[in-house]
Amino acid sequence: MAPRRKASISARKQPQQARSADLVAAILQAAVQVLTKEGAQRFTTASVAEKAGVSVGSLYQYFPNKAAILFRLQSDEWRQTTDLLRGILEDASRPPLVRLRALVHAFLQSECDEAAIRGALDDAAPLYRDAPEARQAKAAGHRAVLAFMRETLPNASDAERSRVADLVKTTLSQVGKHFSETPRSRAEISAYADAMADMFCAYLTAANKPHRRKAG
């Protein structure tokens, strides 16, 4: 038996006029509200259409199924996070470690501000986790971090820079997810971000020191 083809997660068409763009924006806004309230398991195209005040047929003009809507929300979240990351890390007017500290603060604050929607999107991840579009979206963020590491760690090898980039990115993601699961005050977020930034800065400083060969 031939394997069943996975449902498409790509939008059917892109809005070309302001009216169409407004319709898509209304659908996505409604999708966020439904997802936050109902969760991924009870999320349906019908509930989104009802919340947006449009027909299911109008919704299907742009999104073929609920996976496509969820992936669009996730893609927008990835893009916003990547833009935030790149904007801070590419700011050559500030020293690299100052940029890194700013990134940790901004990322952790963002994770806490949007904890509800991100948690629901994590639950929906199996619908699109292995899609090519998902891998491409994540790769953009990795390239930005790797470019920052080339600037920050001139004495390290490419393999070492890649390892540091992976460690920083993974730690930020996992710690941010865990930390944001509990409501936090601004003071708590700032203190936690300072501690994480101290750890990262110490690690990068040590990683950039030239390695000395041991006397044989």
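A: Helices (H or I, at least four residues) and strands (E, at least two) are DSSP runs, numbered from the N terminus. By that rule the chain has nine helices and zero strands. Its pattern along the sequence is α-α-α-α-α-α-α-α-α.

This is a predicted model: local features need pLDDT of at least 70, side-chain atom pairs count only at pLDDT 80 or more, and totals for chains, interfaces and linings use all residues. Residues are numbered from 1 along each chain as its sequence is written, and side-chain values use heavy atoms, with hydrogens and water left out.

Now the cavity. On a 1 Å grid over the protein atoms alone, a cavity is a set of points where a 1.4 Å probe fits but cannot get out. Points are joined across faces, edges and corners, and the volume is the space filled by probe spheres set on them. Searching the whole structure turns up one cavity of 30 Å³ or more. The largest cavity holds about 30 Å³ of space.

Its lining residues (an atom within 4 Å of a point) are Leu89, Leu100, Leu103, Val145, Phe148, Met149, Val168 and Leu172. Helix 5 (96-113), helix 7 (132-152) and helix 8 (158-179) each supply at least two of the lining residues. Helix 7 gives the most, with three.

The lining has eight nonpolar residues, no polar and no charged ones. Nonpolar here covers Ala, Val, Leu, Ile, Met, Phe, Trp, Tyr, Cys and Pro; Asp, Glu, Lys and Arg count as charged, and the others, Gly among them, as polar.

How values were computed
On a 1 Å grid over the protein atoms alone, a cavity is a set of points where a 1.4 Å probe fits but cannot get out, and a pocket is an open set with protein on both sides within 12 Å along at least five of seven lines; lining residues have an atom within 4 Å of a point.
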